[in-house]
Amino acid sequence: MKKNKIVLFLLTCLLFLFVTDYRVLAVNKLVDNPNVTLVRPGLERSVEINGKYNFSMQLINGKDENTKTTYRPKGNTVFSGRNPQIENRPYNEAFPGSKSQIYYFQSGKSEEQSVYVSNVGFYQGRSVDVKWVIDELYLDIPGSVFRFFAVDPSEQHLSGSKYYIPSVDTKAEWGDIFMSIGSGLGNKHTNIPNKIIPRYPFTSGKDYIDYHYEFYDSLTKEKIEIVGLWNVSNLNKLKTLEVYSPLNDLSKYYTYSNYNAYPNKYTNNIEYNYLYNNILQFSNSEPTMSKYETSFTGLFERTNTLKFRLSMNDQTMGLDYLRQAIPRVAPSIQTVIGRVNNATHDQENYRDVYYDIIFGVGNNSIDKRTDKLSIETTAPDGYNIDPSQIKVYNVAENSEEVDNNISYTVTLNPENKAKATVTFNDTKSAEFNNGQYKISVVATPNESFNLSNNGYLIKEDDKFNGYMHFDLATTAVMTYTHYASNNIDTKQYSYKVDDRSIAKTNYEGMPTGEAKQNVPLEYGKSILSQYPDASELLEEGYQTSIDTNNIAKDTPIKADYVNKDKLPDTTKLMPGTKLKVPIRLTSKLGVTTDVDATLVVKEAKSRLTVNIVNEADELIDKVELNDYLINQAVDLTAIKEVTSVLDKYTTNGGYTIIERPNDETNLLLNSVKMSVTYKLKGNLLIESAPRLFDYGEIKTSVDNVHIRQAKNLDEQPPLKIVDNRSNKSTGWNLKLKMVKSFTNDGTELPNIMEYRLSSSDSFNVTSDAMTAYHSKAGGDYTLSDDWKKYDTGLGLIIEPGQVKKLGHYTSEMEWDLMPGEEP
């Protein structure tokens with residue numbers, strides 16, 4: 001029996017030791033841990049938390065219920081009636097007549113107990129919701145409640161001096177108990193009028209609560225992972241806090257250092273200890289409520305859940321969440337969010353790229369605020385930034401209206417219009433502090449725009465099929481200065497967060513079909529008569545030639561002439577002439593591209609008629625030339641067909657050229673049919689005449705010797721009169737006279753030559769000219785033909801005794817031809 005008792009005793013001790021080890025209080029001073037960053041009270045500005053951890057829960061007074069901080073409890077206990085211990089106010093009312101609320105929770109509930117808090121901050125451009133969830137709640141005294149304080153954002157700046165807030169300075173604002181929780185917050189001793197939330201009912205030192213926070217996207221309500229900081233205050237002797245990973249790394253903790261400078265003295269007695277599974281436990285050996293002695297800030301890496309346990313050490317366990325971290329918090333690393341531009345080609349903002357640069361300014365006291373801050377943004381390749389369209393919005397208050405309370409300057413880089421800098425002018429102001437800002441940027445295409453640089457998407461089942469995709473994640477650089485950096489510029493570079501950084505801009509394909517070049521055009525034809533369809537002047541495949549290669553969206557492509565009713569007149573263009581013909585290609589969506597086809601007028605032969613007219617412009621002959629090309633220059637004086645005809649009339653026909661064609665030696669054949677004219681003046685002339693009348697040997701006689709015709713007349717040229725005159729109405733006269741009488745070695749034989757006009761009429765040929773023939777109508781006439789036919793013409797009559805000397809007699813006669821009537 002004794003042995004058994006001993007064993008039982010040992011087991012009991014082991015159990016006791018186990019339980020005691022689990023609930024043991026932390027014994028290590030937080031200020032003594034070399035990994036913890038200590039911040040001297042009053043010099044919080046000298047330490048900076050990286051902007052990566054900028055997220056912390058804040059009260060946001062947005063424009064409406066969708067943008068302001070709101071609360072939605074679940075599983076809470078709703079008391080009816082009024083609380084007699086708080087001036088007969090309703091149980092759930094935090095302050096008399098206020099919008100702020102208190103949610104009560106009791107232990108032993110099987111249903112979910114939580115508070116969904118909308119719009120408590122921003123992370124990488126997203127508005128964040130937080131859900132506070134009770135995992136397990138143990139309240140030792142029956143009927144006890146655990147409270148969650150839901151401060152309305154419109155009341156966050158009301159002074160706490162009127163309504164006593166025991167866990168913070170009496171001059172604090174109501175917002176300082178935002179997200180505060182506890183089973184016994186308030187004065188536990190008595191009902192003091194106008195005091196906030198007396199503890200009711202009393203609580204036990206055995207109370208504890210396991211709870212966690214979940215983070216959600218305010219818009220999609222999807223759970224998200226974030227990186228941020230967590231601020232705890234009022235951690236004193238009355239409670240113990242246990243934190244789980246990822247908030248359990250002391251190298252990422254900040255707390256106040258001990259401080260002893262008259263009249264202020266602060267001793268930070270926060271203690272810590274690591275429990276099983278690396279759970280980090282915090283407690284305090286002092287009952288103080290000073291923020292310098294009960295507060296710390298911890299950083300956590302990417303997570304969607306933060307888990308805690310809060311335990312009672314005495315009678316109350318209220319825990320406050322500080323909206324301001326202990327050190328200075330740098331601006332959040334800016335996030336670039338691309339927007340969608342659905343503009344079509346016929347709208348002014350077509351192809352523009354829209355994007356926003358979102359960043360947050362930490363909730364810092366004035367001494368910790370940023371001295372200077374600017375953000376430089378760079379547009380995509382092929383784009384310029386339009387500085388007039390850069391606007392700044394406070395998205396925490398109203399994302400649709402420009403924040404006129406924020407002063408800023410936009411500067412365009414003079415050497416690179418794709419870069420612009422937004423400089424904020426009053427970064428230390430209360431209006432700028434604790435803000436979430438959106439810089440809205442519009443980039444417009446410049447002359448170097450190239451579709452191939454811009455991530456064009458072809459995917460028929462995608463709603464952004466046919467959109468350019470610009471990943472702008474790394475296009476923003478923030479530069480800021482602050483006290484902790486000794487006013488040396490600190491730069492923060494934007495980086496890829498997710499696909500929200502992709503701006504999407506509608507692009508409607510431009511036709512890229514090519515026009516044919518040097519297409520032959522028949523001389524004298526119009527464009528439409530030979531090519532009525534403009535597509536005949538395009539290369540094959542133009543119907544689907546588009547710069548996007550997005551056949552389904554942008555094709556087929558149609559073609560037509562530009563200003564079809566005003567096409568150039570080609571009917572008179574010379575062969576070899578080149579002309580551009582603009583053709584408009586129109587895509588399925590109405591985007592047009594003009595291309596120029598080139599036509600060349602074909603060679604063609606010209607039919608040149610050389611007309612020969614007299615001075616009365618009467619056609620007397622012509623030459624047809626058909627072997628020369630249009631636009632060829634010819635020399636008429638070198639063309640045999642022309643010169644031979646002209647010779648016929650001038651050299652042999654008695655005509656004189658009085659007018660020649662212009663450019664006779666360099667005549668440009670500039671049409672299919674042409675004519676030129678030579679004008680000839682007709683003449684009245686003796687074209688030919690017998691040169692010698694030979695009467696042979698004549699024997700004298702006692703009778704008259706009459707010789708009627710010369711013996712050689714058939715051998716002589718005819719006496720031919722040519723009359724080419726245009727006006728022959730005056731007729732002409734042919735006269736004959738003796739220039740030299742018949743002589744033989746000085747012996748003259750006069751008056752022996754006669755001219756017979758007819759069988760009954762004749763005259764002696766003497767030195768006096770006599771009419772041998774008169775033509776009333778004029779015109780050509782061969783007089784010698786009459787001599788034989790009518791036995792007329794020149795003859796000899798020698799009278800007896802007239803020849804004084806025998807021998808060879810010769811004489812000379814002259815024919816005179818003149819126009820006019822017979823005298």
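In this predicted model, Arg 756 faces Gly 793, a residue of strand β57. The strands β53 (residues 753-756) and β57 are antiparallel partners, with 4 bridges between them.

Both strands belong to an open sheet of 4 strands, ordered β49-β57-β53-β54, in which the pairing is antiparallel. The edges are taken by β49 (705-707) and β54 (762-764); each has a single partner strand, so one side of each lacks a neighbour in the sheet. From one strand to the next, the twist averages 25 degrees.

Strand β57 also takes part in a pocket. Along with β58 (810-819), β57 (793-798) supplies at least two residues of the lining of the second largest pocket. The largest share, 5 residues, is contributed by β58. The space in this pocket comes to about 850 Å³. Its lining has 30 residues, and those nearest the centre are Phe 693, Tyr 695, Phe 742, Tyr 809 and Thr 810.

A second open sheet has 5 strands in the order β2-β15-β20-β13-β22, and its pairing is mixed. Here β2 (37-39) and β22 (320-321) are the edge strands, each pairing on one side only. Within this sheet, β15 (residues 253-256) and β20 (residues 296-303) run antiparallel and are joined by 3 bridges. Tyr 253 has Gly 298 of β20 as its bridge partner.

Which strands each supply at least two residues of the lining of the largest cavity? They are β12 (208-217), β13 (226-233) and β22. Strand β13 gives the largest share, 3 residues. The whole structure holds 2 cavities of 30 Å³ or more, and the space in the largest cavity is about 90 Å³. Among the residues that line the largest cavity are Met 179, Ile 181, Tyr 211, Tyr 213, Trp 230, Asn 231 and Val 232. Leu 241, Phe 308, Leu 319, Asp 320 and Tyr 321 are also part of that lining.

The linings of the two spaces are set out by residue class below.

Terms used. Residues are numbered from 1 along each chain as its sequence is written. This is a predicted model: local features need pLDDT of at least 70, side-chain atom pairs count only at pLDDT 80 or more; totals for chains, interfaces and linings use all residues. Side-chain values use heavy atoms; hydrogens and water are left out. On a 1 Å grid over the protein atoms alone, a cavity is a set of points where a 1.4 Å probe fits but cannot get out, and a pocket is an open set with protein on both sides within 12 Å along at least five of seven lines; lining residues have an atom within 4 Å of a point. Grid points are joined across faces, edges and corners, and a volume is the space filled by probe spheres set on the points. Two strands pair if DSSP finds at least two bridges between them. Axes are lines fitted to C-alpha atoms, for helices over the stretch in contact, and angles run from 0 to 180 degrees between N-to-C directions.
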